[in-house]
Amino acid sequence: YSRDGEGRVWTKPMPTQIPNNNGGIQVAKLQSGALVMVFNNCQATSRLPLDIALSYNDGITWPFVRSLEYIAPPKSVPLRDRQKKEQSYPSVLQAPDGLIHVAYTWRRAAIKHVVVSEAWIKQGGTDGTFKGDTHGWPSLPKKQCKQKRCL
């Protein structure tokens with residue numbers, strides 16, 4: 001977590017409730033000041049679902065989470081075939097008109113591009129592991145600043 005406003009000084013990493021399946025994630029700062037994050041919302045080796053989340057306090061909490069796309073293959077489908085349904089390696093940015101653009105690998109067959117708004121994300125819902133939170137990290141680091149640099 002960086003509190004210096006420039007991303008030059010960081011606190012020590014802290015665990016979060018956001019699952020990690022060793023897939024790629026991406027975070028961007030929106031015009032509203034919110035952070036938007038796109039990630040695979042699962043603990044397993046699966047890369048489903050691909051979700052988008054919003055934080056209004058620099059990533060301390062992520063109260064809004066919504067699936068961009070989720071097609072759950074039946075458990076009876078072999079793992080190799082289920083992996084072909086994955087959505088992964090997202091990229092996210094906000095256009096000058098305020099819309100949020102996400103591109104990602106779709107089913108290992110193509111690159112898919114979707115456009116959403118902050119309001120759409122807030123209407124959310126997900127079948128993923130992480131449903132959103134409002135209470136933040138277990139314990140926030142105390143801010144100790146000297147000469148305008150946070151330690």
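**Around Ser55: a short tour**

Hi everyone, let me start with one serine: leaving aside residues up to four places away in sequence, Ser55 touches Ala34, Leu35, Ile60, Thr61, Trp62 and Pro63, where contact means heavy atoms within 4.5 Å. Before going on, a word on the model: it is predicted, local features need pLDDT of at least 70, side-chain atom pairs count only at pLDDT 80 or more, and totals for chains, interfaces and linings use all residues. Residues are numbered from 1 along each chain as its sequence is written, and side-chain values use heavy atoms, with hydrogens and water left out.

Back to our serine. Is Ser55 buried or exposed? Ser55 counts as buried because its relative accessible area is 0%; buried means under 20%, exposed over 50%, and partly exposed in between, using a 1.4 Å probe and protein chains only. One is the backbone nitrogen of Gly59, at 2.8 Å, and another is the backbone oxygen of Thr61, 2.7 Å from a polar side-chain atom of Ser55.

Ser55 belongs to strand E3, residues 50-55; strands here are DSSP runs of E, at least two residues, and helices are runs of H or I, at least four, numbered from the N terminus. Four strands make an open antiparallel sheet, in the order E1-E2-E3-E4. At its edges are E1 (26-29) and E4 (64-69), each pairing on one side only. Direction ignored, neighbouring strands in this sheet are turned by 20° against each other on average; the axes are lines fitted to C-alpha atoms, for helices over the stretch in contact, and angles run from 0 to 180 degrees between N-to-C directions. E3 and E4 run antiparallel and are joined by 5 bridges, with Ala53 opposite Val65 in E4. Two strands pair if DSSP finds at least two bridges between them.

Next, something for those of you who like rings. The structure holds 1 aromatic pair. The partners are Tyr56 and Phe64, and the pair is edge-to-face because the planes stand at 90°, with ring centres 6.3 Å apart. The rule takes rings of Phe, Tyr and Trp (its six-membered ring) with centres within 6.5 Å; planes under 30 degrees apart are stacked, over 60 edge-to-face, and the rest tilted. Tyr56 is partly exposed at 38% relative accessibility, and Phe64 is partly exposed at 27%. Phe64 also has Lys122 over its face, 5.8 Å from the ring centre; that label needs NZ of Lys or CZ of Arg within 6 Å of the centre and within 35 degrees of the ring normal.

E5 (residues 87-94) and E6 pair antiparallel over 6 bridges, and Ser91 has Ala103 in E6 as its bridge partner. Their hairpin has 5 residues between the strands, and Gly98 there takes a positive phi near 95°. E6 (residues 100-106) then pairs with E7 (residues 110-116), antiparallel over 7 bridges. This hairpin has 3 residues between the strands, with Arg107 at a positive phi near 55°.

Key. Polar contact = N/O pair within 3.5 Å; in protein donor to acceptor, adjacent residues only side chain to side chain.
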